[in-house]
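Me: I would like to go through this model with you and ask, point by point, what each description rests on.

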Amino acid sequence: MQKNLPSPVKKPFTLLRRGSARVARGAAPEIAISVRDLIVGFGDNLVLNGLDLDVRRGEVLGFVGGSGTGKSVLTRAILGLTPKRAGRIELFGSDIDHVSRAEYDALERRIGVMFQGGALFSGLTVKQNVQVPMREHLKLSPRLADELAMLKIELVGLSLDAADKFPSELSGGMIKRAALARALALDPELLFLDEPTSGLDPIGAAEFDDLISTLQKTLGLTVFMVTHDLDSLYSICDRIAALADEKVIATGPIETMLASDHPWLQAYFHGKRARQFDPSVIKRGANGAGL
Ligand SMILES: Nc1ncnc2c1ncn2[C@@H]1O[C@H](COP(=O)(O)OP(=O)(O)OP(=O)(O)O)[C@@H](O)[C@H]1O
């Protein structure tokens, strides 16, 4: 997915059209992201064709699909970075094609994005990277900006002396944590994670999964996570959505994926590199039942 993602991070929503429709008011919608009949293509290459997807508030949704099927394109379309040909995308109940400038700014502040590879600004320290979204959206004194950045750095499990290091001085795992700290800079409700465990060794990947899971629970986050990591899908995802044939072909808990007879899901979840089904590692709901 990295090939199409900006580096360093490009501002999400830059392609949003700013109309005049009002943001839905009243009770908070249960659906954080709603996508309907989405069509995205490049020339003759139709990548997404009639895609529907809901991401519920407070869930971790794992988004899977073969290489080149359009996971990145969907993520970028939701973030307003890739234009669509047709369809409707709502964030927190607001149609992103019809929000005013003020509503757009407010939406942007509710979202954090961790791009694959981190997409940190190489000329800025970790602390300065974390402060980039704060500078864009908040009017903070330097002292408060420093204190807040240090809090985020601590939150993701980095030692405080990492704050003054440049990305080139960090390990792969530290870069991911720094990128996560930046994604959390504005206390978002919705977090986009792009292959967060790729490139980590199994222990580092498991630790990162635990971190995401802990943060999601303690901060009440909704998480949209593109991943190829079966361990993440089993252990931290409430539901999984699978992309194939230009659409979401299945959504549901891991059991739904395991039971599907779609050839791609069969190959992915039961193929040579799949793991043995172990119910004890599946994420459990509050009542102890599988979700
Ligand atoms: N800006 C673009 N211009 C032209 N084609 C594009 C563009 N962005 C993506 N594509 C095409 O869209 C298709 C889907 O690409 P995408 O990067 O979304 O796949 P992916 O599912 O994220 O793959 P991977 O798992 O390998 O990262 C590919 O055929 C890709 O070449």
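Me: What makes Val 126, Lys 127, Asn 129, Val 130, Gln 131 and Pro 133 of helix 3 buried?

Reply: A residue is called buried if 20 or more other C-beta atoms lie within 10 Å of its own, exposed if 12 or fewer, and partly exposed in between, with C-beta atoms placed from the backbone. In this predicted model, those six names in helix 3 (residues 126-137) are listed as buried, so each has 20 or more such neighbours. The helix itself is a DSSP run (H or I, at least four residues; for strands, E, at least two), numbered from the N terminus. The buried residues of helix 3 pack against helix 4 (142-155) and helix 5 (172-183), where contact requires C-beta atoms, placed from the backbone, within 7 Å.

Me: Why is Leu 230 called partly exposed?

Reply: Leu 230, which lies in helix 7 (residues 230-236), has 16 other C-beta atoms within 10 Å, so it is partly exposed. Leu 230 and Tyr 268 are 38 residues apart in sequence, yet their C-alpha atoms are 9.0 Å apart in space.

Me: What makes a set of residues a nonpolar core, and which residues have the most contacts inside the largest one?

Reply: The term covers buried Ala, Val, Leu, Ile, Met, Phe, Trp, Tyr and Cys residues joined through C-beta atoms within 7 Å. The largest such core has 72 residues, and Leu 61, Ile 153 and Val 223 have the most contacts inside it. Leaving out residues up to four places away in sequence, Leu 61 touches Val 55, Val 223, Phe 224, Met 225, Cys 237, Asp 238, Arg 239 and Ala 241.

Me: How do you know that strand 7 and strand 8 pair?

Reply: Two strands pair if DSSP finds at least two bridges between them, and 5 bridges join strand 7 (residues 190-194) to strand 8 (residues 222-226), which run parallel.

Me: What makes strand 6 and strand 10 edge strands?

Reply: The open sheet has 6 strands in the order 6-7-8-3-9-10, with mixed pairing. Strand 6 (111-114) and strand 10 (247-252) each have a single partner strand, so one side of each is left without a neighbour in the sheet.

Me: How do you know that strand 4 and strand 5 pair, and in which direction do they run?

Reply: Strand 4 (residues 86-91) and strand 5 are joined by 2 bridges and run antiparallel, with Leu 91 opposite Ser 94 in strand 5. They belong to an open sheet of 4 strands in the order 2-1-4-5, with antiparallel pairing.

Me: How confident is the predictor, and where is pLDDT under 50?

Reply: The predictor's confidence in each residue, from 0 to 100, is its pLDDT; the protein chain averages 85, and 84% of the residues score at least 70. Values stay under 50 over residues 1-26 and over residues 285-291. Where pLDDT is low, the predicted coordinates should not be read in detail. Local features in this predicted model need pLDDT of at least 70 and side-chain atom pairs count only at pLDDT 80 or more, whereas totals for chains, interfaces and linings use all residues. Residues are numbered from 1 along each chain as its sequence is written.

Technical notes: Two residues are in contact if their C-beta atoms, placed from the backbone, lie within 7 Å.
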